[in-house]
Amino acid sequence: MELTETDARLVAALRDGLPVTARPYAALGERLGLSEATVLARLTALREAGVVRRFGAIVRHRALGYTANAMCVFDVPDAGAADLGRRAARHPGVTLCYRRRRAAGWPYNLYCMIHGRDHGRVLELYEALADDLGVAEGARAILFSRRCFKQTAGCYGRAAAAGSGAQRPDGARGATVMAAR
Amino acid sequence: MTGTHLSPLENRLLADWQHDFPLEARPFARVAEQYGVSEETVMAAFEGLQQRGVVGRIGAVYRTGTAGASTLAAMQVPREHLDAVAARVGAFDEVNHNYERAHPMNLWFVVTAPDTERLDAVVEAIEAETGLSVLCFPMEEAYHLDLGFALPER
């Protein structure tokens with residue numbers, strides 16, 4: 001599905017999130033010079049086409065006390081990666097699981113994010129996961145997060161928005177520094 | 001460290017509205033209907049969750065590759081330069097989720113752009129500005145069903 005110019009502006013405006021007001025889509029439309037009906041129709045179309053994978057509350061796990069977060073990486077044969085990936089995705093604590101392209105000096109291709117309330121618990125979950133996947137110690141690594149320098153929505157659609165003259169005010173973004181633990 | 005306390009209504013809101021928030025004129029009224037509370041109560045609850053940082057925003061998560069191009073990327077940065085390099089990398093509008101991780105490969109971030117040409121240009125600009133190599137790990141396949149953040153056992 002090709003994004004229309006209107007879609008791109010809508011996507012850019014949504015980076016700041018839906019305003020919490022009784023008629024939020026009307027408010028969003030007002031900013032963009034679109035009717036409430038148009039905003040709803042385009043968002044519904046994007047959602048139904050799967051361009052928008054989910055639409056709703058974006059939860060920050062840190063604020064809920066899930067402060068230990070590790071990216072666990074495994075070097076597995078490409079042929080069996082899909083089976084192992086689906087298996088890993090069902091493990092407790094695994095919130096994301098992807099196969100990614102390897103790079104020179106970085107042999108890992110399977111990535112799992114594990115979130116937990118403390119470092120020790122995440123480590124336990126990682127060891128259990130590695131055991132279950134049958135990946136030896138030399139072919140895996142765990143990378144705990146230390147500091148988050150910046151966490152914002154992706155900027156898909158921004159260029160189109162800028163091109164249409166709808167440059168967003170920049171107050172909401174920038175180098176947000178938060179303590180990670 | 002313990003997390004912020006959630007009220008029963010807040011718990012329900014987080015469990016139920018990460019995926020398909022109502023796309024209709026008065027979404028908070030629709031949400032309120034499900035719990036037999038008022039629209040104002042639901043709006044106040046979402047405002048409270050946002051103020052405490054539990055909810056970053058009510059917004060969209062896009063399927064990778066459909067609304068632009070993106071990649072996970074990493075750099076191996078000498079410890080003494082990490083803050084400065086992280087700030088320079090974070091200054092790019094196209095960079096989000098910029099993290100320090102406990103590993104020699106210590107700076108991790110996501111680059112998103114409207115298309116792959118712009119994505120490659122940003123990666124090259126980061127390398128030029130920092131004098132360090134950027135490794136890119138584009139996603140090839142996702143194995144989880146992204147249902148948002150499940151509230152695990154407390």
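**Before selecting**

This is a predicted model, in which local features need pLDDT of at least 70, side-chain atom pairs count only at pLDDT 80 or more, and totals for chains, interfaces and linings use all residues. Residues are numbered from 1 along each chain as its sequence is written, while chains are lettered from A and ligands numbered from 1 in the order in which they are written.

The model scores ipTM 0.72 and pTM 0.69.

**The contact between the chains**

Select the residues of each chain that touch the other, taking two residues as in contact if their C-beta atoms, placed from the backbone, lie within 7 Å. Chain A gives 68 residues and chain B gives 69 residues. Elements that give two or more residues on the side of chain A include helix H2 (24-32), helix H3 (36-49) and strand E5 (140-150). Helices here are DSSP runs of H or I with at least four residues, strands are runs of E with at least two, and both are numbered from the N terminus. E5(A) supplies the largest share of that side, 9 residues. By class, the side of chain A has 39 nonpolar residues (Ala, Val, Leu, Ile, Met, Phe, Trp, Tyr, Cys and Pro), 14 polar and 15 charged (Asp, Glu, Lys and Arg), with the others, Gly among them, counted as polar.

**Strands across the contact**

Show E5(A) with strand E3 (residues 95-101) of chain B; they run antiparallel and are joined by 4 bridges. Strands pair if DSSP finds at least two bridges between them. Here A:Arg147 stands opposite B:Glu100.

Next, select E3(A). With strand E6 (residues 139-142) of chain B, E3(A) pairs in the antiparallel sense over 3 bridges, and A:Tyr98 is opposite B:Ala142. Within chain A, 5 bridges join E3(A) to strand E4 (residues 110-116), again antiparallel; A:Leu96 faces A:Met113 there.

Now pick B:His97, in strand E3 of chain B. Its phi is near 50°, a positive value in a residue other than glycine.

**Helix H2 of chain A**

Which residues of H2(A) are buried? They are A:Pro24, A:Tyr25, A:Leu28 and A:Gly29, where buried means 20 or more other C-beta atoms within 10 Å of the residue's own, exposed 12 or fewer, and partly exposed in between, with C-beta atoms placed from the backbone. A:Gly33 follows H2(A) with a positive phi near 70°.

**Helix H5 of chain A**

Move to H5(A), where A:Val122, A:Leu125, A:Tyr126, A:Leu129 and A:Leu133 are buried. These residues keep within an arc of 100°, so they line one face of the helix. Strand E2 (68-74), H4, E3, E4 and E5 of chain A are among what covers them. On the other side, A:Gly120 and A:Asp131 are exposed.

Finish on A:Leu123 in H5(A), which counts as partly exposed because 16 C-beta neighbours lie inside 10 Å.

Notes
Arc of directions from axis to C-beta.
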